[in-house]
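Here is a short briefing on the fold. It starts with the elements, then turns to packing and single residues.

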Amino acid sequence: MADPSLEGNYPIKGLHQALAVAAMCLQEEATTRPLISDVVTALEYLAVKKGEEGEDTNDHVNVASLDSDTEADHTEQNRPKD
């Protein structure tokens, strides 16, 4: 799933987390997809290099929580206005 030109120069855990984010974005039901701001946040976290801003790219990001954390906000945004 990774670009061959990267020649394996990426953390495998980060690849799996990025794939999890992509899978959430492909949900058939629109209301179950994460907000783009949450996708950007998750991907920015994965892009931070080890030691940069005190972050460690080997730390686990619970991307599955994106859906549950923003479901209420997302539902509210998509609710028809009166």
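Helices (H or I, at least four residues) and strands (E, at least two) are DSSP runs, numbered from the N terminus. This is a predicted model, in which local features need pLDDT of at least 70, side-chain atom pairs count only at pLDDT 80 or more, and totals for chains, interfaces and linings use all residues. Residues are numbered from 1 along each chain as its sequence is written, and side-chain values use heavy atoms, with hydrogens and water left out.

**Overall**

- The protein has three helices and zero strands.
- From the N terminus on, the order of elements is α-α-α.
- Of the 82 residues in the protein, 22% are buried. Buried means under 20% relative accessible area, exposed over 50%, and partly exposed in between (1.4 Å probe, protein chains only).
- Among contacts in the protein with a separation of 6 or more, 52% come from residues 24 or more positions apart. A contact here means heavy atoms within 4.5 Å.

**Helix α1**

- α1 has 14 residues, and its first and last C-alpha atoms lie 20 Å apart. This is close to the 20 Å expected at 1.5 Å a residue. The expected span of a helix is 1.5 Å times one less than its number of residues.
- Gly14, Leu15, Gln17, Val21 and Met24 are the buried residues of α1.
- Leucine 15 sits in helix α1. Leucine 15 counts as buried because its relative accessibility is 18%.
- Leucine 15 touches Ala2 and Tyr10, when residues up to four places away in sequence are not counted.
- Alanine 23 and arginine 33 are 10 residues apart along the chain, and their C-alpha atoms are separated by 9.2 Å.

**Helix α2**

- The 12 residues of α2 should span 16 Å at 1.5 Å a residue, and the end C-alpha atoms are 16 Å apart, which agrees.
- Asp38, Val39, Ala42 and Leu46 are buried in α2. Seen down the axis of α2, these buried residues fall within an arc of 105 degrees, so they line one face of the helix. The arc is that of the directions from the helix axis to the C-beta atoms.
- Ile36 and Ala47 are exposed residues on the face of α2 turned away from its buried side.
- Alanine 42 lies in helix α2. Alanine 42 is buried because its relative accessible area is 6%.

**Packing of α1 against α2**

- Two packed helices are described by the angle between their axes and the distance between the axes.
- α1 and helix α2 (residues 36-47) pack at an angle of about 170 degrees, and their axes are 10 Å apart. That makes α1 roughly antiparallel to α2.
- Axes are lines fitted to C-alpha atoms, for helices over the stretch in contact, and angles run from 0 to 180 degrees between N-to-C directions. Angles under 35 degrees count as roughly parallel, over 145 as roughly antiparallel, 65 to 115 as roughly perpendicular and the rest as oblique.
- On the α1 side, Gly14, Gln17, Ala18, Val21 and Cys25 meet Val39, Ala42, Leu43 and Leu46 in α2.
- By class, this contact of α1 with α2 has seven nonpolar, two polar and no charged residues. Ala, Val, Leu, Ile, Met, Phe, Trp, Tyr, Cys and Pro count as nonpolar, Asp, Glu, Lys and Arg as charged, and the others, Gly among them, as polar.
- The C-alpha atoms of alanine 42 and glutamine 17 are separated by 8.7 Å, and the two residues are 25 residues apart along the chain.

**Backbone at glutamate 7**

- Glutamate 7 is in the segment before α1 (12-25).
- Glutamate 7 has a positive phi of about 50 degrees, although it is not a glycine. Most residues other than glycine have a negative phi.
- Glutamate 7 is exposed, because its relative accessible area is 66%.
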